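Subject: Structure handover, disulfides

Hello,

Please find the structure below.

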Amino acid sequence: MSRVITFSFFLLMCFEAASAQEPVIGGPCQGCELVFAGMPIELKSSSRIASESEQGEPLNLRGTVYKADGTPASGIIVYAYQTNAKGVYPKGSTNHGRLRGWARTDVNGKYGFKTIRPKAYPGRDIPQHIHLHIIEPNKATYYIDDVTFSDDPLLTSEHRKKDNCRGGCGESQPTRDEQGVWQVRRDIILGEAIPGYE
Ligand SMILES: [Fe+2]
């Protein structure tokens, strides 16, 4: 009997370990827990949000994740999701849609995503954006300010005033290279302006 109990306990511990998720901090957000849904076990520092065949203007998003003391943070998971070239979240396995991805920072704190430039929601005045969340392994997960684009006519001073600079400020200065690929930088500061972060 005790062997059965011991084995059952072992199974329970295995299940707990396999399903462990970092707690959500920093206030409520839409689908914060979805950052874990479908997350690959093996993560690289360079990843994709949109596949190569996705219609739209190609875009490279890159950045460095820093600790509060200014040193690079390795092993941090950056999760991203966005709209497509029509400004909608194409149907996927979660409410975050199909265009989503994960990257884990390298030893120098660097991460990158290949994707397309998102379009704004049709008929609304919300600027183009890429949603970003951070997963700090064995610590916490939280959303940070979206990547926005300084050349976006919808990005008004009113919107800029609402920028909380969670994880550092999200407004980027996009440039376009000779191949027509948008180059966008979003550096991240762990825990910056995140309520409840220790
Ligand atoms: Fe959105």
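A disulfide here is a pair of cysteine sulfur atoms within 2.5 Å. In general, a disulfide is a covalent bond between the sulfur atoms of two cysteines.

The model is predicted, so local features need pLDDT of at least 70 and side-chain atom pairs count only at pLDDT 80 or more, while totals for chains, interfaces and linings use all residues. Residues are numbered from 1 along each chain as its sequence is written, and side-chain values use heavy atoms, with hydrogens and water left out.

Searching the whole structure gives two disulfides. Counting bonded cysteines along the protein chain, the pattern is 1-2, 3-4.

Cys29 and Cys32
Cys29 is joined to Cys32, with an S to S distance of 1.8 Å. The link is right-handed, at 125° about the S-S bond. For exposure, I use buried for under 20% relative accessible area, exposed for over 50%, and partly exposed for in between (1.4 Å probe, protein chains only). Cys29 counts as partly exposed because its relative accessibility is 25%. Cys32 has 3% relative accessibility and therefore counts as buried.

Cys165 and Cys169
The sulfur atoms of Cys165 and Cys169 are 1.8 Å apart and form a disulfide. This link is right-handed, with 90° about the S-S bond. Cys165 counts as buried because its relative accessibility is 19%. Cys169 has a relative accessible area of 45%, so Cys169 is partly exposed.

Regards
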